[in-house]
Amino acid sequence: MNVSTRFLINRLGKQCAFNRIVTYSTKSTEHAAANAVETEKEPKIKETTASTASEASIPIRKPVIPANYRFIYPEFLPDPKIEWRNPIREKLERMDMLDRRRQIDLPEFYVGSIMAVTSSDPHAEGKVSRFVGICIHRDRCGLRARFILRNVIDHQGIEVIYELYDPTIQKVEVLRLEKRLDDSLFYLRDALPEYSTFDENMEAEQLEEGAPVPVNDIKVVLRPRPWLERWERQNLRGVANIDQYLKDKHRQSARRVQKPWEKYDLMKQYRATIPEEEQNEIFAEVYAELHAQELQRKRNKRKRTFVKPKQLA
Amino acid sequence: MNQADVSKLMSQLRIAIRPRHRNLKNKDGPEGRLLKLRKTVTALVKHERIELFYNRADEARGYAELLISNAIRHGDTHNATMEMADYWLLEKQLVHKLFKVLVPRYENYTVSYTRMFNAPRTYPGIYYKNSVLELRGNPYPSLIVDQSQNKNLLHNVLLDEARKEYRRKKLAELAQ
C-alpha cells in the first residue's frame, strides 16, 4: 500500500482547518479587535448567539446514498473476512482509490459489459495498447480490485486481467453497459467463439439517462466436452444447451454435490456480507466525491452527444 | 481479498461473532449441523430460556439473532423471510410467535435480542462448558441477582455512612 505521508498530513491539516472555522467565527474577532472600546465579554456573547443561530437555521442534512451504490462500487466495501479487517487500512485505501478516481474516469460497469481499456505497454507500438472485450469476472476489493476482459482475436481467445486502480491504465471506456444472467461468465471459455467475439472498432452505445441497466438474457451455446470446468454443477442460467452433453452419471454427480441447505445458512451469508449499517458508513464517507464525479461524467456525456457529424459533401 | 456479497442486505448483529463457524461434530456433515441448530433455535423461540452446551448455544445464538432481525427488517409479507422462518422453526406455530410476538417486542431494541450466561458444569460429568441462552424480555425471573440492596457492597456502605453523617448534622443543627 502506498500512502504518501505528505498527502495524509495535508488531508488532516485541511480537516483541522475546517474545524477551526466552524468553531470560532473569524469575523467577530476582527470586529472585536476594531471596537476596542467594547468590553471583552460582549462580542463573545454576540459571537456565540450568532453561531447558534446559524447552526439552528441550517438543518443538518445527511447525504442520501443511492441504494445501488453497492452494485456500482462493490470494491469500496472491504473484504468481509473478519481476520483480515483493518478499519484504518480500509480507510486509507478508500482515500487512495478516490485519489486515483480524481485522475482517471472509472465508469460504472458490470460483469457482461463490453469495455475497452487503454493501458501503457512498453512492448506495444506507441507504448499504448487498447483491448476491447467483455468483462467476464470482477473480484477482489479495495485497491486490488480487478476485472477480466475476454475477446477472440484471430480465432484465439484472449483474456486480460486488469487491476482497476492500476496506474498504468490510461482510459477505461464502457462500450455497452449491460448485465448478464450470471455473476461470472467463465463459461464463455467453453462456449462457441462467436459469443465472445467483439469488434475492436466498436462504437460506444449511449444509454438513456436514468434508465436501469439492461440485463442481456442471451443464452450461450457450449461446445462439446472436454470442458474447463464442470458447468453442470454450477446452476448456470446463461447456458442454453448444457443438457445435450450430459450423461446420467454427470447428472447424478451434480445432484450429489449440490448444497441446497446453504441458502438457509444465515450466519454463512452474514459472514460473506458487510452489514447495512457499515455499508452506509462507508458510502457516506465517499459519497460526496463519487457523486461529484458522476455529475461531471454526465456533463461530459451531454457535450459528447452534440458533436457535429463529420460528413463531407 | 474477496469482494463482499452485495446481493443481500443484512442488519448488523449486536453480538460478537467468531470469524469461523464451529462444525458441531456430527455424522451428517453441514446439513446435520444445521439440523442440530434448527432444533436449538426452535427450542429457544419456544421456551425463551434453555440450558445447553456452550458451543452449540453460541452457534445457535447468531442464527436466532439473524432470524429475528430479518423478520423485523422484512416483515411477514416477504417470501424469502417466510421461507427462512419455515426452515428454522421446526414447529410451525412458532412462525406466528416470531412475527406476532417477537417482532413487536424487539422492534425498538438497541441491544441484542438474546442473552447468554455461563452455567456451572456438573462434577464429575462431561467436560463441555454449560451455558444458558435466553431471549431478552422473557417472562422468567432474572438470572442476575439484584445486588443493589446488598448492604455489604462498598457503594452501599458509603451511602449508609453518608446518610448517617447527614442525620448527625441535622440533629446538631436542631440542638442549637
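This is a predicted model: local features need pLDDT of at least 70, side-chain atom pairs count only at pLDDT 80 or more; totals for chains, interfaces and linings use all residues.
**Entry 1: chain B as a whole**

I began with the elements of chain B. I found five helices and three strands there. Along the sequence they follow the pattern α-β-α-α-α-β-β-α. Next I looked up how spread out the chain is. Its radius of gyration is 23 Å, while the globule rule gives 16 Å for 176 residues. The value is well over the rule, so chain B is more spread out than a compact globule. I also noted the box that the C-alpha atoms of chain B fill. Along the principal axes it is roughly 80 × 45 × 40 Å.

What share of the 176 residues in chain B is buried? I wrote down 21%. Then I turned to the contacts in chain B with a separation of 6 or more. Of these, 58% come from residues 24 or more positions apart.

**Entry 2: the sheet of chain B**

I traced the sheet of chain B strand by strand. It is open, has three strands, and runs in the order β1-β3-β2. The pairing is antiparallel. Which strands stand at the edges? They are β1 (49–53) and β2 (114–119) of chain B. Each has a single partner strand, so one side of each is left without a neighbour in the sheet. On average, neighbouring strands of this sheet are turned by 25° against each other, direction ignored.

I then took one pair on its own. Five bridges link β1(B) with β3 (residues 130–135) of chain B, in the antiparallel sense. I picked out L52(B) and looked for its bridge partner in β3(B), which is S131(B).

**Entry 3: helix α1 of chain B**

I followed α1(B) next, starting from the sheet. The helix lies across β1 and β3 of chain B. Its direction is at about 150° to β1(B).

The helix also packs against another helix. Two packed helices are described by the angle between their axes and the distance between the axes. I looked up both values for α1 (residues 29–47) and α4 (residues 93–106) of chain B. The angle is about 60°, and the axes are 10 Å apart. The crossing of α1(B) past α4(B) is left-handed.

Which residues meet here? From α1(B) I listed T42(B), V45(B) and K46(B). From α4(B) I listed L94(B), K97(B) and L98(B). By class, this contact has three nonpolar residues, one polar and two charged.

**Entry 4: the sheet of chain A**

I moved to chain A. Its five strands form an open sheet in the order β4-β3-β2-β1-β5, with antiparallel pairing. The edges are β4 and β5 (169–176) of chain A. Each edge strand has a single partner, so one side of each is left without a neighbour in the sheet. Neighbouring strands are turned by 35° against each other on average, direction ignored.

I went through the pairs in turn.

- β2 (residues 128–139) and β3 (residues 146–153) of chain A pair over five bridges, antiparallel. C135(A) has L149(A) in β3(A) as its bridge partner.
- β3(A) and β4 (residues 156–163) of chain A are joined by eight bridges, also antiparallel. Opposite R146(A) stands E163(A) in β4(A).
- β1 (residues 114–120) of chain A and β5(A) run antiparallel and are joined by six bridges. S119(A) faces I169(A) in β5(A).

I checked two hairpins as well. The one of β2(A) and β3(A) has six residues between the strands, and R140(A) takes a positive phi near 65° there. The one of β3(A) and β4(A) has two residues between the strands. There D154(A) takes a positive phi near 55°.

**Entry 5: P167(A)**

I looked up one loop residue. P167(A) is placed in the loop between β4 and β5 of chain A. Is P167(A) buried or exposed? It has 12 C-beta neighbours inside 10 Å, and exposed means 12 or fewer, so P167(A) counts as exposed. I also compared its place with that of S120(A).

**Entry 6: where the chains touch**

Last, I looked at the contact of the two chains. On the chain A side 29 residues take part, and on the chain B side 22. In chain A, α4 (69–72), β2, α7 (266–272) and α8 (276–305) each supply at least two residues. Which of the elements gives the most? It is α7(A), with five residues. By class, this side of chain A has 14 nonpolar, three polar and twelve charged residues.

Note on methods
Residues are numbered from 1 along each chain as its sequence is written. Chains are lettered from A and ligands numbered from 1 in the order in which they are written. Axes are lines fitted to C-alpha atoms, for helices over the stretch in contact, and angles run from 0 to 180 degrees between N-to-C directions. Helices (H or I, at least four residues) and strands (E, at least two) are DSSP runs, numbered from the N terminus. A crossing is left-handed if the near helix is turned anticlockwise from the far one by less than a right angle, and right-handed if clockwise. Two residues are in contact if their C-beta atoms, placed from the backbone, lie within 7 Å. Ala, Val, Leu, Ile, Met, Phe, Trp, Tyr, Cys and Pro count as nonpolar, Asp, Glu, Lys and Arg as charged, and the others, Gly among them, as polar. Two strands pair if DSSP finds at least two bridges between them. The radius of gyration is taken over C-alpha atoms; the globule rule is 2.2 Å times the number of residues to the power 0.38. A residue is buried if 20 or more other C-beta atoms lie within 10 Å of its own, exposed if 12 or fewer, and partly exposed in between; C-beta atoms are placed from the backbone.
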